[in-house]
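Please read this briefing with the sequence and the model side by side, and look up each residue as it is named.

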Amino acid sequence: MDATPAETTEPAFRTLGGLRFSKGHGTGNDFVLIADPDGVHTIDAGQVAALCDRHRGIGGDGLIRAVPSRYLSEGRELLLSSPEAEWFMDYRNGDGSLSEMCGNGVRVFVHFLRAEGLVDLPDGGALAIGTRGGVKTVVRTGDSYAVDMGPWEFIFPGDATAKAMDSLVTADGLEVPRPALSVSMGNPHTVVALAELSELEATRLYTAPQVDPVPANGTNVEFVVPAEPLVHNGIGTVTMRVHERGVGETQSCGTGACAAAVAIRHWAGAEAPDSWQVNVPGGVVGVKFFAGAGGHEHVELSGPAVIVATGTLS
């Protein structure tokens, strides 16, 4: 009997042979990173999905291309009002779909720019970054970074204000649908509060939770357990897992951590703190609320960023 022939299908990224890449992560949320200072690399959705494949590619929750803002229509539009946003974070989810913003990704992006010698950012220095979710200001704090994520808003503000919930979420491992709040951090999130860590552990995120009603462009879904007590030394603490739109469950989600803090603080009432610690499977991130320009409340996300490897595509 003849042996089954070995698979010979070329991976979709083979045409990118010779391209340098790095692999980085922020609290386990990992990315393939490509430097494109001359704006010459076109990486399509199929190539991104192939590169992010954890068995046949490099593996990652998404791919980030570092490209000067002037080479993208979205970037040029941002430069009109924010000329300091020289670099654009061209981010795609692991399935190749475009994404507005990634909180962990923008920290890793700035760390990558430094590692590649594309920017000089001293400790305490700030850098404006263009994203599809607007301009984000990133401050270096040693080997960590703090990001002004901009203002948050409820996606369904009427229901959020009147009923403190705006949707129902059904997920494997939870016996009944759970009430949730939908929050925009420049990208959509739907936050579910659970009572016990055992419930969080039992929730199966192999498949996407069902959200009704779902925001217009889909949503990321966070399952969150408040600590007991919720507040210690003026800091609120929660533990979170997340199913990311276009990816699946990830070790961390920066914008999701911000959305989780927004929702839990809303549910906790007027005495809830402005500083939060969010525990995720990949580590810990900080979330802080502060008064931004124009009277809008902004959210700051802080945490580490690591480059773990560099290489060249064959």
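The notes below cover a pocket, a helix, a set of paired strands and a loop residue.

This is a predicted model, in which local features need pLDDT of at least 70 and side-chain atom pairs count only at pLDDT 80 or more, whereas totals for chains, interfaces and linings use all residues. Residues are numbered from 1 along each chain as its sequence is written, and side-chain values use heavy atoms, with hydrogens and water left out.

**The largest pocket**

- The largest pocket holds about 170 Å³ of space; a pocket is an open set of points on a 1 Å grid over the protein atoms alone, where a 1.4 Å probe fits and protein lies on both sides within 12 Å along at least five of seven lines.
- Among the residues that line the largest pocket are His-41, Asp-44, Arg-65, Asp-90 and Arg-132, where lining means having an atom within 4 Å of a point.
- Two or more lining residues come from each of strand E3 (62-68) and strand E4 (87-93), strands being DSSP runs of E with at least two residues and helices runs of H or I with at least four, numbered from the N terminus.
- The lining divides into five charged, three polar and three nonpolar residues, with Asp, Glu, Lys and Arg counted as charged, Ala, Val, Leu, Ile, Met, Phe, Trp, Tyr, Cys and Pro as nonpolar, and the others as polar.

**Helix H1**

- In helix H1 (residues 45-52), the buried residues are Gln-47, Val-48, Ala-50, Leu-51 and Cys-52, where buried means under 20% relative accessible area, exposed over 50% and partly exposed in between, for a 1.4 Å probe and protein chains only.
- These buried residues of H1 pack against strand E2 (29-35), E3 and E4.

**Paired strands**

- Strand E5 (residues 126-131) and strand E6 (residues 134-141) run antiparallel and are joined by six bridges, and two strands pair if DSSP finds at least two bridges between them.
- E5 and E6 form a hairpin with two residues between them, and Ala-126 has Val-139 in E6 as its bridge partner.
- E6 is also joined to strand E7 (residues 144-151), antiparallel, by five bridges, and Val-138 stands opposite Val-147 in E7.
- Gly-142 takes a positive phi near 70 degrees in the hairpin of E6 and E7.

**Pro-177**

- Pro-177 lies in the loop between strand E9 (167-170) and strand E10 (178-184), and is partly exposed, with a relative accessible area of 42%.
- Not counting residues up to four places away in sequence, Pro-177 touches Leu-168, Val-169 and Thr-170, a contact being heavy atoms within 4.5 Å.

Key. Points joined across faces, edges and corners; volume = space filled by probe spheres on them.
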